[in-house]
Amino acid sequence: MFNKISLRSTARCIKLKTMPSPLDWISDELTHLREESLYRDSRYVTALGNGRCQIDNAVLLDFGSNDYLDLATSIALKSAASEAIQKHGVGARASALVSGMHPEYQTLCRTISQFEGAGDALLFPTGYMANVGVITALVGQGDVVFCDRLNHASLVDGCRLSHAQFRVYPHCDLDILERELNKVTDARRKLIVTDGLFSMDGDLAPLPELWELSQMHNTMLLVDEAHATGVFGEHGRGSVEHFQLEDKPIIRVGTLSKAIGCLGGFVAGSRELIDYLRNISRTQIYATGLPATLCAAASAAFDQVQSNPEARQRLLANANLCRTELERARINFAHGSCGPIVPVILSDAGLAVSVSQKLQEAGFFVPAIRPPTVPAGTSRLRITLSTAHTNEDIHSLVSHLREVL
Ligand SMILES: Cc1ncc(COP(=O)(O)O)c(C=O)c1O
């Protein structure tokens with residue numbers, strides 16, 4: 001009896017060793033990614049501030065970060081964060097609703113709602129989670145959500161997860177959007193979602209027209225200000241301020257990870273909207289809140305945005321200089337680019353990677369962006385400017401880029 005069992009288990013072991021693993025498909029997928037030049041390697045980058053970073057012991061001019069106002073390594077943010085860490089420790093210990101709403105959290109909510117001129121604000125662990133959490137709270141089954149084709153993945157994922165009917169319209173194509181809106185007659189609720197400043201193309205959404213359409217069709221409008229907060233508008237409030245639409249009930253989602261130099265996401269709007277989201281939004285309820293260090297640093301960053309408009313002006317001037325220099329060098333960039341994101345479209349993924357690599361060897365960090373982040377055939381270099389770049393930095397980048405191309 002004993003022998004029979006051990007014989008059976010030995011036979012099973014031999015069989016298991018020769019059987020394929022259910023995870024074998026992963027190596028095929030990785031091979032495919034490599035063949036298509038779509039494989040992503042880990043890259044470790046040390047931020048040095050002042051428009052510089054370090055990769056593999058080399059100091060590079062950094063044209064690959066979203067730290068537009070050079071705040072991430074600033075003394076103001078570092079001091080605020082160290083003070084908060086001494087006072088409150090490292091983690092937030094629980095979700096905001098349970099016990100994670102510490103005093104720094106409260107201060108940041110107040111700072112953001114004052115900055116945005118909104119009734120209230122709500123924080124999320126990341127901007128990605130803010131988009132997913134807000135969209136899924138606003139629409140669900142029986143609703144329709146309209147999404148620009150080039151919207152950020154977090155907006156797309158929010159639309160998909162919401163279970164609302166999901167309609168994608170071509171980039172900024174208001175005629176098709178209107179046609180789609182006209183087709184919907186029996187939805188419970190409708191929502192249009194758009195990037196304010198498109199993250200990979202660097203162009204602004206036509207917000208006045210989107211607002212008008214949303215009004216005509218009794219549809220909610222959500223604008224993701226991820227790349228516009230701290231950058232656009234007289235006071236740096238983003239694309240909604242840029243287009244003077246601040247008095248409209250537009251839902252404004254933002255991130256603390258780009259011009260604000262920290263990590264986290266937020267939504268600003270009326271007290272009622274925020275009250276509703278606080279009760280319903282799953283990515284806010286079921287995730288640990290933002291720690292005090294980040295909240296304190298983000299509050300300090302909003303102070304900087306408000307007290308130093310020159311940083312924003314310098315950033316936009318740098319971006320304009322970059323576009324002028326590219327034009328002069330006859331290097332094509334995305335024609336709608338109007339802020340700190342300047343994409344140079346190279347189409348082929350392999351070419352984008354090799355140009356990025358050559359620039360890195362010459363002392364410039366400019367990442368290659370490939371599918372699925374951008375549509376197939378539109379791989380590109382994504383140049384992002386910082387307020388800290390000098391004219392010399394920009395001239396030097398463009399002249400090396402011309403040489404490499
Ligand atoms: C347009 C846009 N929205 C949202 C996000 C997500 O923000 P976070 O990085 O804070 O999660 C990003 C980040 O890349 C983005 O580009």
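Cys 53 and Ile 55 point to one face and are buried. Buried here means under 20% relative accessible area, with exposed over 50% and partly exposed in between (1.4 Å probe, protein chains only). Strands are DSSP runs of E, at least two residues long; helices are runs of H or I, at least four, and both are numbered from the N terminus.

A note before moving on. The model is predicted: local features need pLDDT of at least 70, side-chain atom pairs count only at pLDDT 80 or more, and totals for chains, interfaces and linings use all residues. Numbering runs from 1 along each chain as its sequence is written, and side-chain values use heavy atoms, with hydrogens and water left out.

**Stop 1: the neighbours of β2**

Three bridges join β1 to β2, and the two run antiparallel. Pick Thr 46: its bridge partner in β2 is Gln 54. Two residues lie between the strands of this hairpin, and Asn 50 takes a positive phi near 60°.

Cys 53 stands opposite Leu 60 in β3. The hairpin of β2 and β3 has two residues between the strands, and Asp 56 takes a positive phi near 50°.

Show the whole sheet. It is open, has four strands in the order β1-β2-β3-β12, and its pairing is mixed. β1 and β12 (364-365) stand at the edges with a single partner strand each, so one side of each has no neighbour in the sheet. Strands count as paired if DSSP finds at least two bridges between them.

**Stop 2: the two domains**

Colour by domain. The domain assignment gives domain 1 (37-66 + 309-404) and domain 2 (79-307); such bounds come from an automatic or database assignment. The C-alpha centres of the two lie 26 Å apart.

Select the interface. 20 residues of domain 1 are in contact (heavy atoms within 4.5 Å) with 23 residues of domain 2. The area buried between them is about 1,500 Å², and carbon and sulfur atoms give 59% of that. In domain 1, Asn 66, Arg 312 and Ile 341 lose the most area to domain 2, together 38% of what that side buries. Buried area is the accessible area (1.4 Å probe) that two parts lose on being put together, summed over both.

Next, the charged pairs. The rule finds one salt bridge across this interface. A salt bridge needs a side-chain nitrogen of Lys or Arg within 4 Å of a carboxyl oxygen of Asp or Glu. Zoom to Asp 201 and Arg 380: their side chains meet in a salt bridge (3.1 Å, N to O).

On the domain 1 side, α14 (309-328), β11 (341-347) and β14 (379-384) each supply at least two residues that touch domain 2. The largest share, five residues, comes from α14.

**Stop 3: Arg 252**

Go to strand β9 (residues 251-255) and select Arg 252. Is this residue buried or exposed? Arg 252 counts as buried, at 6% relative accessibility. Leaving out residues up to four places away in sequence, Arg 252 touches several residues, including Glu 116, Glu 225, Glu 246 and Phe 266.
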